[in-house]
Amino acid sequence: MVQPEYLLLIVGMGLVTYLPRWVPLFLLSRRELPAWFVEWLDLIPAAILSALLLPELVTTGVPRHMALWQPELLAAVPTFIFALKTRSLGGTVVVGMLLFWLTGKVL
Amino acid sequence: MTIASKTSNYNIKNAIHQGLGAAWPICLGYVPIGLAFGVLAQKAGMNPLEIALMSILVFAGSSQFIAVSMLSAGASAAAIILTTFAVNLRHLLMSSSLAVFVTKATRKKIALFAYGVTDESFAVNHARFSKNTWDLDRALVVNHAANITWIASTIIGGFSGRFIPAGAFGIDYALIAMFICLLIFQLKGRLYVITAVIAGALAVALSLVIPGNSYIVIASMLAATLGLGIRKWVSVHP
């Protein structure tokens with residue numbers, strides 16, 4: 001059984017999660033966008049991936065503080081080089097996991 | 001069977017095959033996170049059915065974790081829903097940047113596609129869309145493969161606790177490694193590198209001073225705007 005207060009919470013969370021996912025796709029896919037906006041959107045993935053990734057590599061804890069000597073960053077350097085050389089997504093995932101696992105053993 | 005329906009069967013098989021080929025790193029990364037979420041949610045008082053419902057209706061890892069920790073701390077539903085909204089605002093940017101690739105799609109398909117936009121599916125699909133090797137059907141396969149993996153792992157976690165011990169085989173690093181490679185795919189020229197460096201530096205600095213994850217949206221928008229400014233400036237001052 002689903003408790004009623006959880007049902008309300010889950011449906012509310014579902015709505016506020018779905019709307020930001022759907023509204024831009026619905027509105028922007030139907031019209032001609034100005035060139036500067038398309039250029040801006042073209043830069044967003046590089047920016048957002050970097051903004052997601054880098055804090056995970058060089059900070060830790062709550063509240064966050066800098067931590068350079070941690071397996072996340074130490075494994076990231078060779079993983080980055082591997083990805084740059086091979087451009088293989090699957091290979092990078094496997095090599096990254098292995099490097100992270102080994103770094104955790106050594107540290 | 002007519003020739004047309006043979007072709008369409010072939011196309012569907014092809015889409016599923018290629019979609020799964022693109023989705024498996026996401027699925028691999030979701031398993032430990034999903035299991036961990038199930039365990040925490042169960043400890044916070046949710047049963048497997050409620051966990052399943054949340055994973056189906058919300059399908060957003062970070063906000064589900066935050067919701068469960070707020071539940072354990074006794075927060076109100078309104079506070080949790082508001083926090084979820086704030087945490088997921090970054091999807092506005094991702095859906096905006098995917099919109100340019102689905103201009104010919106039907107509203108129904110777009111509504112279904114929107115459901116599956118996550119950090120991970122966005123990055124995988126965007127990389128392929130921008131190489132012109134992708135279509136909405138393949139993107140939907142990616143989204144739903146990730147979705148099914150997420151739902152299943154959270155339910156299993158809710159039933160049974162951890163099957164996989166913490167940190168086994170470095171599986172906790174699967175998504176970080178995937179993001180490293182996807183970031184490299186996005187570095188299509190000098191301006192993209194500059195934008196990424198600015199975004200990363202801003203994100204680190206902001207993540208140290210503001211609580212929550214709003215640093216992702218702020219840093220990305222600032223960096224893309226600065227990147228555009230740099231492009232304009234360079235074109236005026238060659």
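Helices and strands are DSSP runs, numbered from the N terminus, where a helix has at least four residues and a strand at least two. On that basis, Phe59(B) falls in the loop between helix H2 (48–57) and helix H3 (61–72) of chain B. The model described here is predicted.

**Contact between chains A and B**
- The contact draws 64 residues from chain A and 79 residues from chain B.
- On the side of chain A that touches chain B, two or more residues come from each of helix H1 (4–28), helix H2 (35–58), helix H3 (71–86) and helix H4 (89–106) of chain A.
- H2(A) gives the most to this side, with 20 residues.
- By class, the chain A side consists of 45 nonpolar, 12 polar and 7 charged residues.

**Domains of chain B**
- Chain B is assigned domain 1 (3–186) and domain 2 (188–238), and the C-alpha centres of these domains are 25 Å apart.
- Contact between the domains involves 8 residues of domain 1 of chain B and 9 residues of domain 2 of chain B.
- Helix H4 (77–87), helix H5 (90–99) and helix H9 (174–186) of chain B are the elements giving two or more residues to the domain 1 side.
- That side of domain 1 has 5 nonpolar, 2 polar and 1 charged residues.

**Helix pair H10(B) and H11(B)**
- The axes of helix H10 (residues 190–209) and helix H11 (residues 214–236) of chain B come within 8 Å and cross at roughly 145°.
- The crossing of H10(B) and H11(B) is right-handed.
- Residues making the contact include Leu191(B), Ile198(B) and Leu206(B) of H10(B), and Tyr215(B), Leu222(B) and Ile230(B) of H11(B).
- The contact of H10(B) with H11(B) comprises 16 nonpolar, 4 polar and 1 charged residues.

**Backbone features**
- Val62(A) and Pro63(A) are joined by a cis peptide bond with omega of about -10°; Pro63(A) is placed in the loop between strand S1 (59–60) and strand S2 (65–66) of chain A.
- Phe59(B) is not a glycine, yet has a positive phi of about 45°.
- Phe59(B) counts as buried because 23 other C-beta atoms lie within 10 Å, the cut-off for burial being 20 or more.
- Asn132(B), also a residue other than glycine, has a positive phi near 60° and sits in the loop between helix H7 (119–129) and helix H8 (136–160) of chain B.
- Asn132(B) counts as exposed because 8 other C-beta atoms lie within 10 Å, and 12 or fewer defines exposure.

Methods: Residues are numbered from 1 along each chain as its sequence is written. Chains are lettered from A and ligands numbered from 1 in the order in which they are written. This is a predicted model: local features need pLDDT of at least 70, side-chain atom pairs count only at pLDDT 80 or more; totals for chains, interfaces and linings use all residues. Domain bounds come from an automatic or database domain assignment. Two residues are in contact if their C-beta atoms, placed from the backbone, lie within 7 Å. Ala, Val, Leu, Ile, Met, Phe, Trp, Tyr, Cys and Pro count as nonpolar, Asp, Glu, Lys and Arg as charged, and the others, Gly among them, as polar. Axes are lines fitted to C-alpha atoms, for helices over the stretch in contact, and angles run from 0 to 180 degrees between N-to-C directions. A crossing is left-handed if the near helix is turned anticlockwise from the far one by less than a right angle, and right-handed if clockwise.
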